[in-house]
Protein chains: 2
Amino acid sequence: MTDGTYEALDEETLFLVSQTFKALGDPTRIRILHLLFEQELSVSNIAEKLDLNQSNVSHQLRFLKNLRLVKYRRDGKTIYYSQDDEHVMKILQQSIDHATHH
Amino acid sequence: MTDGTYEALDEETLFLVSQTFKALGDPTRIRILHLLFEQELSVSNIAEKLDLNQSNVSHQLRFLKNLRLVKYRRDGKTIYYSQDDEHVMKILQQSIDHATHH
DNA sequence: TTATAATATGAATATATGTTCATATGTGTA
DNA sequence: TACACATATGAACATATATTCATATTATAA
């Protein structure tokens with residue numbers, strides 16, 4: 001790279017990175033992930049705390065789950081979601097701090 | 001926060017953070033920023049290197065400029081763009097590395 | 001079994017977004 | 001001045017996305 005050659009990003013990396021950032025590019029998903037910083041929560045709990053439609057929360061959680069940003073466990077009728085990507089959560093935390101202190 | 005109280009994100013922070021990540025949530029903008037990691041480039045140079053429409057590049061640069069992720073300087077007829085947010089560029093670099101090595 | 005609670009799913013819809021096209025603006029040069 | 005070059009802009013369009021509604025699935029309890 002010191003010779004001025006440009007190393008293009010491969011398609012796969014580009015897709016994965018953009019998808020991940022896309023997940024963080026929506027206020028609702030940020031709020032959900034922010035809730036999951038410190039705790040595991042059920043779908044209805046998240047919906048209640050954020051005043052969101054249950055279906056909406058469920059859709060967003062599926063999105064986040066597909067990207068492996070969250071995971072879930074079932075306990076009876078209830079499904080608890082929690083964070084599943086330290087790196088992304090760290091970046092989100094940093095960015096929120098950065099935005100807050102400015 | 002240790003008492004279980006949830007500190008909601010304020011609207012302004014939420015908007016700023018989501019907007020910033022939205023900027024990183026598009027392959028074209030990632031490619032542009034990736035180009036600007038190490039060098040300052042003109043609009044036509046970026047368009048050429050990435051095989052993109054000049055107008056498209058210009059639109060995306062405006063988007064990035066509005067968020068102060070890039071800055072520009074004019075030299076005659078040419079306008080050179082360069083990065084303008086170390087924090088965001090660092091996050092992007094980290095995420096690309098993370099995605100590449102996995 | 002039936003009823004109820006929690007969650008997931010798919011269709012519908014309105015809005016947002018990325019890209020292209022045509023053209024305007026700005027700058028240097030003959 | 002007139003022309004060419006570099007970039008910006010706005011309209012148009014196709015596609016993507018977020019949200020809601022209605023309903024399906026899954027699990028527990030009566």
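In this predicted model, an N or O atom in the side chain of R29(B) lies 2.6 Å from a phosphate oxygen of DNA strand C. A polar contact here is a pair of N or O atoms within 3.5 Å; within protein, one atom must be able to donate a hydrogen and the other to accept it, and residues adjacent in sequence count only if both atoms are side-chain atoms. The model is a prediction in which local features need pLDDT of at least 70 and side-chain atom pairs count only at pLDDT 80 or more, whereas totals for chains, interfaces and linings use all residues. Side-chain values use heavy atoms, with hydrogens and water left out, residues are numbered from 1 along each chain as its sequence is written, and chains are lettered from A and ligands numbered from 1 in the order in which they are written.

**Side-chain contacts with the DNA**

| Residue | DNA atom | Distance |
|---|---|---|
| S55(A) | base oxygen, DNA strand C | 2.6 Å |
| Q60(B) | phosphate oxygen, DNA strand C | 2.9 Å |
| T28(A) | phosphate oxygen, DNA strand D | 2.9 Å |
| S55(A) | base nitrogen, DNA strand D | 2.5 Å |
| N56(A) | sugar or linking oxygen, DNA strand D | 3.4 Å |

A residue is near a strand if one of its heavy atoms lies within 4 Å of it. DNA strand C has 24 residues around it, of which S44(A), S55(A), Y81(A), R29(B) and S55(B) come nearest. Of the atoms of DNA strand C within 4 Å of the protein, 67% belong to sugar and phosphate.

Helices (H or I, at least four residues) and strands (E, at least two) are DSSP runs, numbered from the N terminus. At least two residues of this surface come from each of α3 (43-50), α4 (54-66) and β3 (78-83) of chain A, and from each of α2 (27-35) and α4 (54-66) of chain B. The largest share, 5 residues, is that of α4(A). By class, the surface near DNA strand C holds 3 nonpolar, 14 polar and 7 charged residues. In this scheme Ala, Val, Leu, Ile, Met, Phe, Trp, Tyr, Cys and Pro are nonpolar, Asp, Glu, Lys and Arg are charged, and the others, Gly among them, are polar.

**Surface near DNA strand D**

DNA strand D is surrounded by 24 residues, the closest being R29(A), S55(A), S44(B), S55(B) and Y81(B). Sugar or phosphate accounts for 65% of the atoms of DNA strand D within 4 Å of the protein, and bases for the rest. Elements that each supply at least two residues here are α2 and α4 of chain A, with α3 (43-50), α4 and β3 (78-83) of chain B. The largest share of the surface near DNA strand D, 5 residues, comes from α4(B). Its residues comprise 3 nonpolar, 14 polar and 7 charged.

**Interface of chain A and chain B**

Contact (heavy atoms within 4.5 Å) links 30 residues of chain A with 30 residues of chain B. The two chains bury about 2900 Å² between them, 71% of it on carbon and sulfur atoms; buried area is the accessible area (1.4 Å probe) that two parts lose on being put together, summed over both. On the side of chain A that touches chain B, α1 (11-24), α2 (27-35) and α5 (86-100) each supply at least two residues. The largest share of that side, 9 residues, comes from α5(A).
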